[in-house]
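Hello,

Here is the structure I promised you. Please open it first, then read my notes below.

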Amino acid sequence: MPLPPLPATAVTVGAHAADWRDAVELAGEALARSGATEESYGARMIQVIEEFGAYIVIAPGLALAHARPGPDVVRDGLSVVTLDEPVVFGHPHNDPVSVVIGLAVTSPEAHVSSVAELANVFNDPDAIPALAAAGDVAEVQRILTLSEEEAAR
């Protein structure tokens, strides 16, 4: 199953975040802007981290912000936020974070398959640094598309 779509409206390049909460909120705003979620979804992603900790920092420099399916999820969606300065989430090994992926899904099955697809994408050791250094939205989309195609091989 392919990743959810990544429209240009769901990508923010070179954003400034004062802390991890700001970074996750930016990912939530991008999901809402793309029409995948309602505005409230960003707050739910923050609540997950407050409750369960920084487990969402899944690789050095990369956070996968998400929450359970709920009424504020309109459709499956993905967002990408690159940060001008990395932020600390509190993960013992993978901080600081320079790329935040926002994930919204409508079902538990979509969650499992999307996380698996993202894991395949980020098996490429060059993917995270390339995203962090991306200069524009098209480059972010290209990196994720190429990485997803490579993972499918």
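How many aromatic pairs does the structure hold? It holds one. Rings of Phe, Tyr and Trp (its six-membered ring) pair if their centres lie within 6.5 Å. Trp-20 and Phe-89 form the pair, with 6.0 Å centre to centre and 35° between the planes. That makes the pair tilted; planes under 30 degrees apart count as stacked, over 60 as edge-to-face and the rest as tilted.

Some background. This is a predicted model: local features need pLDDT of at least 70, side-chain atom pairs count only at pLDDT 80 or more, and totals for chains, interfaces and linings use all residues. Residues are numbered from 1 along each chain as its sequence is written, and side-chain values use heavy atoms, leaving out hydrogens and water.

Back to the pair. Trp-20 sits in helix H1, and Phe-89 in the loop between S4 and S5, 69 residues apart. Helices (H or I, at least four residues) and strands (E, at least two) are DSSP runs, numbered from the N terminus. Trp-20 counts as buried because its relative accessibility is 12%. Phe-89, at 7%, counts as buried too. Buried means under 20% relative accessible area, with a 1.4 Å probe and protein chains only.

Now the largest nonpolar core. Such a core is a set of buried Ala, Val, Leu, Ile, Met, Phe, Trp, Tyr and Cys residues joined through side-chain atoms within 4.5 Å. The largest has 28 residues. Phe-89 is among those with the most contacts inside it, as are Val-24 and Leu-83. H1 supplies the largest share, six residues.

Best wishes

Terms used
Buried means under 20% relative accessible area, exposed over 50%, partly exposed in between (1.4 Å probe, protein chains only).
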